[in-house]
Amino acid sequence: MKAIVRVAQLLLLCLLSVAGPARAELTIQITKGVEGALPIAIVPFGGNAGAPDDIAAIVTADLKRSGRFAPLAPSQFIDRPTEFGQINFGNWRSLQVNHVAVGSVRAGGNGYTVQFQLADVFQGGQVMAYSFDVRANELRRLAHHIADLIYEKLTGEKGAFATRIAYITAAPGGRSYALVVADSDGYNPQTVLRSAQPIMSPAWSPDGTRLAYVTFENRTSQIVVQDVYSGARQTISASPGINGAPTWAPDGRRLAFTLSKDGNPEIYAYDLGGGTLTRLTTSSAIDTEAAWSPDGSSIVFTSDRGGSPQLYRTPASGGSAERISFAGDYNARPAFSPDGKSVALMSRSGGRFAIAVLNLATRQQKTLTEGGMDESPSFAPNGSMIIYATQRGGRGVLAAVSVDGRVQQTLLSQEGDVREPAWAPYTR
Amino acid sequence: MNTLLKSLLIASSLALFAGCSSSGGTAGDGSADGAAGASTYGAGRGSAFGGGAGGTGAGGAAGPAGGYVGGPGASEAQRVVYFDFDSSDIRADSRPVIEAHAQYLVQNPGAAVVLEGHTDERGSREYNIALGERRSTAVRRVMETLGVKSQQMRNVSYGKERPAVAGHDEAAYSQNRRVEIAY
């Protein structure tokens with residue numbers, strides 16, 4: 001029963017209908033691993049040869065890049081069971097893995113029936129067993145879902161592999177820009193908007209169905225909200241001057257963004273239903289890059305009212321703002337963690353921009369990346385990782401770092417610049 | 001109908017600019033911009049900067065001393081105001097560029113410009129949008145003191161999204177910290 005509900009959720013997730021295919025997929029390269037990861041074996045699924053995607057390989061890659069697991073290379077396997085009853089636990093004990101996942105793929109009906117089981121090698125018992133019926137084009141997402149199930153069972157935290165990311169690409173020379181939505185591992189990229197003018201600041205609605213972003217399509221900035229499934233677009237703001245940095249309220253009914261129509265950049269809240277605009281900040285300096293707290297109560301933003309760009313916090317209803325960042329001479333672009341306890345930001349030290357996390361209770365700021373041109377951090381919906389933009393070989397690429405800074409990876413693209421990743425929330 | 005009229009106006013102004021500039025590419029970019037902002041004067045302003053004068057310096061509106069040329073006939077170099085790092089102060093060497101365009105705009109009250117602010121690549125994207133706007137506003141203020149009407153100017157900031165020069169060193173950065181005056 002639970003599995004059936006999950007399949008229904010998967011079907012919903014797969015309805016990305018209007019989008020066009022993007023040219024280049026991203027390839028993940030793990031640049032810094034972690035010790036103490038859980039040893040596990042994901043055995044190639046039986047009958048998978050006829051299926052378009054290798055489920056075990058996808059699950060293995062997901063678990064590996066989380067940094068929490070150390071999947072054993074298939075070349076070391078002694079045997080290749082495809083169901084729980086075939087597992088020779090002695091073999092797996094000798095390979096020193098704690099858990100082994102087995103499964104099978106059978107063609108039938110309109111697609112495939114996928115079964116999988118997770119076993120505890122030392123207890124010799126079954127930990128999980130699932131069966132799914134999916135269409136061929138859902139196999140890849142199902143593999144991410146299986147990785148999520150294993151991740152949650154063995155770490156106690158919800159997985160975030162069957163999620164998506166949005167990002168901006170810029171063709172060499174700035175000739176064209178695109179807003180792309182892809183799986184969290186960079187596969188299945190779908191272009192949802194292409195423009196000859198810059199596209200900026202994508203932000204997911206809390207239900208993961210819409211993206212707010214900034215366009216310059218009419219050579220003036222505008223904030224647009226686009227339904228990711230239907231492609232329907234609505235211009236939210238096209239005031240004189242800046243229309244920038246949209247962020248969603250957790251209720252999905254309001255946006256906060258930056259306008260300079262009153263003379264200098266200030267942050268406003270906008271009610272999507274009623275269209276009312278409420279000004280939240282008042283200073284003669286730059287106020288921008290609002291991030292709405294997950295509990296809805298406050299807004300953290302970037303301001304240079306103290307001389308250098310720093311983070312400030314103000315009630316979501318407006319009022320006085322309190323400075324919250326103090327380390328270094330440049331702290332900007334806050335992004336809330338899903339639990340609301342911290343914000344990721346870009347922080348400059350020694351002329352290098354790095355991704356850092358600021359604990360809002362203790363005000364401790366911890367730098368996670370080595371730095372250079374690191375920017376635009378975004379938390380995974382389970383809070384385990386932060387995806388961000390950086391440069392490799394003079395080109396913009398995406399990278400991810402675990403919140404403890406121990407696991408780092410780069411998502412390489414084939415051409416152009418990739419920037420401004422936004423990790424989608426869990427789809428409800 | 002409206003779209004057709006607009007297309008004709010854009011086409012005619014493009015044709016006029018092509019006749020008045022030695023660098024067709026950049027003039028084309030500038031004119032398309034201007035047409036989008038205020039297409040209604042597109043057909044009438046050609047005479048303001050002379051028939052068929054060749055490119056920079058020679059043609060265009062009569063500029064201030066020093067050979068600076070304002071108006072849509074100005075060369076690309078004479079349509080850009082550069083800034084120091086982390087600054088929106090107008091440098092002394094930029095004054096003649098602004099003055100030349102201000103003179104053109106005062107003499108041609110039907111003309112309009114877009115002041116496009118840009119930054120180098122350092123720092124966050126939206127904060128750079130704000131910095132770029134600071135620069136375009138600084139140019140606008142100087143223009144206003146020189147008599148240009150507010151409604152002749154529109155500000156837009158591209159931040160670091162549209163660098164003039166690729167590259168990740170000060171040589172590139174100094175070319176990217178700029179305001180482009182686009183007709």
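In what order do the 4 strands of the open sheet in chain B lie, and what is the pairing? The order is β1-β4-β2-β3, and the pairing is mixed. This is a predicted model, in which local features need pLDDT of at least 70 and side-chain atom pairs count only at pLDDT 80 or more, while totals for chains, interfaces and linings use all residues. Residues are numbered from 1 along each chain as its sequence is written, chains are lettered from A in the order in which they are written, and side-chain values use heavy atoms, with hydrogens and water left out.

**The sheet of chain B**

- β1(B) and β4(B) run antiparallel and are joined by 3 bridges; two strands pair if DSSP finds at least two bridges between them.
- Helix α4(B) lies across β1, β2, β3 and β4 of chain B, at about 155° to β3(B).

**The sheet of chain A**

- An open sheet of 4 strands in chain A has the order β19-β20-β21-β22, with antiparallel pairing.
- Its edge strands are β19 (287-292) and β22 (322-323) of chain A.
- β19(A) pairs with β20 (residues 298-303) of chain A over 4 bridges, and Ala291(A) has Val300(A) as its bridge partner in β20(A).

**Where the chains meet**

- Helix α4 (residues 125-145) of chain B also lies across β19 and β20 of chain A, running at about 155° to β19(A).
- The contact involves 25 residues from chain B and 35 residues from chain A.
- Between them, the two chains bury about 2500 Å², 52% of it on carbon and sulfur atoms; buried area is the accessible area (1.4 Å probe) that two parts lose on being put together, summed over both.
- Arg125(B), Glu126(B) and Tyr127(B) supply 28% of the area that chain B buries against chain A, more than any other three residues.

Methods:
Helices (H or I, at least four residues) and strands (E, at least two) are DSSP runs, numbered from the N terminus. Contact means heavy atoms within 4.5 Å. Axes are lines fitted to C-alpha atoms, for helices over the stretch in contact, and angles run from 0 to 180 degrees between N-to-C directions.
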